[in-house]
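Colleague: I have the model open. Can you walk me through how it is put together?

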Amino acid sequence: MQSLAAASTFVGAPLALRTAQGSAASRGASTVTCVATPSRPPASNKAKRSKVELIKEQSDFLRHPLMQELSTEAPNISEDAVQLMKFHGSYMQDNREQRTFGAGKSYQFMMRTRQPAGSVTNQLYLVMDELADLYGNGSLRLTTRQTFQLHGVLKQNLKTVFSTVVKNMGTTLGACGDVNRNVMAPPTPYKNRPDYAHADQLANDIADLLAPQSGAYYDVWLDGEKFFAQTMENPKVTADRAFNGFGTNYEGSPEPIYGQLFLPRKFKIAVTVPGDNSIDLFTNDLGVVVISNDKGEVEGYNLLAGGGMGRSHGKATTFPRLADPLGFVKAEDIFHAVKAVVAVQRDYGRRDDRKQARLKYLINEWGMDKFRSVVEQYLGKQMEPFRPLPDWEFKDYLGWMEQGDGKLAYGVYIQNGRVKGEAKKALRNVIERYELPVSITPNQNLLLRDINPSWKDDILSTLQAAGLKDVTEWDGIEALSMACPALPLCGLAIGEAERTLPDINARIRKVMDSVGLPKSDKFVVRMTGCPNGCARPYMAELGFVGDGPNSYQIWLGGSLNATRLAEPFAERVKAKDFETFLEPLFAAFKAQRRDAETFGDFCARVGFDALRAAQASYIAPAAAAVLPKTVQVGVAEDVYQALTAAAAKQGTTPEALATEAIKKHLNL
């Protein structure tokens with residue numbers, strides 16, 4: 001980690017130069033300046049910066065060379081332009097399965113939208129559906145951060161696609177890149193829950209607060225013409241963004257919060273209400289929990305900080321991490337608090353090594369007490385203690401539910417978030433016919449909202465005719481699972497995920513059946529094609545992380561309510577061997593589980609040593625049936641009873657356990 005002195009030189013100017021004078025009295029009793037001022041002249045301690053930092057600095061706030069590269073006849077853009085393109089909401093990709101001999105890579109682009117709280121207007125959904133057919137690969141991808149991804153866009157169509165999204169009240173700005181990403185919130189349809197409504201609005205307000213401001217987005221995609229949203233920005237967002245009493249802003253900059261270099265890496269925020277962990281709260285850089293009083297009035301917010309999933313194989317210095325409690329802030333201070341956390345990451349996060357640049361690594365090095373103290377300096381006041389919270393629960397928002405206003409909502413399970421084929425046509429049919437708004441859920445599913453009860457039967461029959469089954473008809477393992485897109489488009493993928501997980505889920509269920517686990521048993525399965533963790537596999541009860549062709553790391557021990565981090569149990573397990581790998585674990589789970597204990601809770605309770613011992617001693621029933629029986633050994637009745645009980649607890653047979661014990665005793 002760079003020293004604090006070195007880190008401060010990354011931002012281009014010490015904090016004192018960014019601090020407005022004479023404005024501190026309105027926000028706190030004391031003025032703190034020069035938080036990040038180097039302890040010695042920067043020239044004596046030159047900070048190394050990554051190549052991406054230089055690209056950002058020289059880009060004129062994300063304009064060049066992207067604008068020039070988009071105007072060429074080539075099917076691709078330069079590496080410098082690729083880095084800038086991310087900020088505009090797109091990645092250049094290569095379809096590895098469409099390469100032709102002698103023609104090189106098959107270039108295309110993925111476009112990602114920004115949908116705070118996953119909310120999508122009827123108009124925008126229909127436009128995205130049409131764009132997928134006209135300019136994409138014919139499918140829509142719902143993401144684990146409640147956005148759309150449109151795959152297969154060719155370079156010459158990018159401007160048409162982007163401008164169409166903007167003109168239909170959508171945006172891709174800030175969906176990727178070193179900025180705040182899409183702000184998550186529960187996709188709740190409830191009209192009688194003011195706390196949920198507030199979480200939804202706050203997600204939109206924070207998205208506006210931290211959206212890039214320079215206008216480069218409109219210069220690139222709309223030739224400088226701005227299209228304004230149907231709703232005006234919250235005036236408090238505008239005022240609090242401009243406030244600079246404690247050094248959060250760059251005075252006079254087109255990017256008042258981000259400055260010329262933006263953030264060291266991506267930044268993720270989620271908002272929720274107490275008890276609802278549908279949004280994987282603890283995996284975010286910043287988590288916001290709405291705290292209301294008995295009258296339903298918002299008093300303030302619990303803040304958590306330092307979560308993140310990404311890691312790299314073979315690098316122990318990279319790791320997933322859960323967010324920790326930061327403190328409580330009053331309702332009127334929330335935008336200032338968000339800015340303060342972002343400013344600390346901006347000014348102290350590493351800019352020399354992108355693999356160490358996320359907020360979680362800064363907090364891991366500093367500790368929460370030091371991090372909080374620096375945040376409070378940018379905030380201008382101390383935070384209050386973190387308020388007590390009820391237990392967290394995962395909510396899937398699938399099936400039928402009442403909104404509280406006489407209308408219904410219907411959560412549709414979308415396998416791995418891929419809307420395609422007849423299912424895509426059926427969804428468009430009902431969404432267009434009944435002019436329904438929708439929400440994208442954090443588990444890659446779709447929530448249809450504002451349904452008149454008289455439409456229910458028609459909607460259900462239309463969807464089911466296209467293969468979109470009700471959640472009650474899906475296997476519980478399948479309905480809880482998630483996978484990233486992986487091959488063939490993701491440039492980071494080293495293994496399959498989306499295309500192979502449905503088959504693996506079916507194989508998992510078959511193994512569970514073979515050891516006698518009930519059909520009603522379910523747990524969280526997640527799969528990614530690389531270790532970056534887009535489908536949050538490190539929170540799963542059973543996680544598969546690609547570490548080679550048809551090979552996966554196995555992570556165990558996460559929880560159903562997404563409050564416990566899984567741990568790596570095995571590496572380079574071949575996909576073809578999953579049955580023999582998992583059967584001993586499921587047999588031990590059946591034999592030793594406690595009442596209502598899930599698979600993840602079981603793994604966390606008994607520990608990995610016990611799980612590995614169960615694998616080592618396990619003999620499948622089919623194998624035990626053909627063991628040699630020409631030799632019999634007699635034991636006392638009480639010993640045999642104890643042996644039988646011990647074997648049942650370990651998920652094995654008395655014969656296998658006795659054989660193993662005798663071998664150990666004789667050193668065989």
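Modeller: One term before the counts: contact means heavy atoms within 4.5 Å. By that rule, 30 residues of domain 1 are in contact with 31 residues of domain 2. This is a predicted model, where local features need pLDDT of at least 70, side-chain atom pairs count only at pLDDT 80 or more, and totals for chains, interfaces and linings use all residues. Residues are numbered from 1 along each chain as its sequence is written, and side-chain values use heavy atoms, with hydrogens and water left out.

Colleague: Into which domains is the chain divided?

Modeller: Domain 1 is 57-185 + 189-379, domain 2 is 399-474, domain 3 is 479-625 and domain 4 is 637-666. The bounds come from an automatic or database domain assignment. Taken over C-alpha atoms, the centres of domain 1 and domain 2 are 27 Å apart.

Colleague: How much area do domain 1 and domain 2 bury between them?

Modeller: About 2500 Å², with 55% of it on carbon and sulfur atoms. Buried area here is the accessible area (1.4 Å probe) that two parts lose on being put together, summed over both.

Colleague: Which residues of domain 1 lose the most area to domain 2?

Modeller: Y125, L142 and P189, which together make up 27% of what the domain 1 side buries.

Colleague: And how many salt bridges are there between domain 1 and domain 2?

Modeller: Five, where a salt bridge is a side-chain nitrogen of Lys or Arg within 4 Å of a carboxyl oxygen of Asp or Glu. There are also 15 residue pairs in polar contact between domain 1 and domain 2, both residues at pLDDT 80 or more. A polar contact is a pair of N or O atoms within 3.5 Å; within protein, one must be able to donate a hydrogen and the other to accept it, and residues adjacent in sequence count only if both atoms are side-chain atoms.

Colleague: Which element gives the largest share of the side of domain 1 that touches domain 2?

Modeller: α6, with seven residues. The elements that give two or more residues to that side are β3 (119-120), α6 (122-134), β4 (140-142) and β5 (148-153). Helices (H or I, at least four residues) and strands (E, at least two) are DSSP runs, numbered from the N terminus.

Colleague: Switching topic. Where is H88, and is H88 buried or exposed?

Modeller: H88 sits in the loop between α5 (79-87) and β1 (90-94). H88 counts as buried because its relative accessibility is 1%; buried means under 20% relative accessible area, exposed over 50%, and partly exposed in between (1.4 Å probe, protein chains only).

Colleague: What does the side chain of H88 make a polar contact with?

Modeller: The side chain of W221, at 3.1 Å. Not counting residues up to four places away in sequence, H88 touches several others, including L62, F162 and Y217.

Colleague: Back to charges. How many salt bridges does the structure hold?

Modeller: 43. One of them joins the side chains of R536 and D280 (2.4 Å, N to O). R536 is in the loop between β16 (525-528) and β17 (542-548), and D280 is in the loop between β6 (269-272) and β7 (286-292), 256 residues apart. Both R536 and D280 are buried.

Colleague: Which residues are linked in a network of salt bridges?

Modeller: E53, K56, D178, R351 and R354.

Colleague: What about E393 and K395?

Modeller: Their side chains meet in a salt bridge (3.5 Å, N to O). E393 counts as partly exposed because its relative accessibility is 45%, and K395 at 28% also counts as partly exposed.
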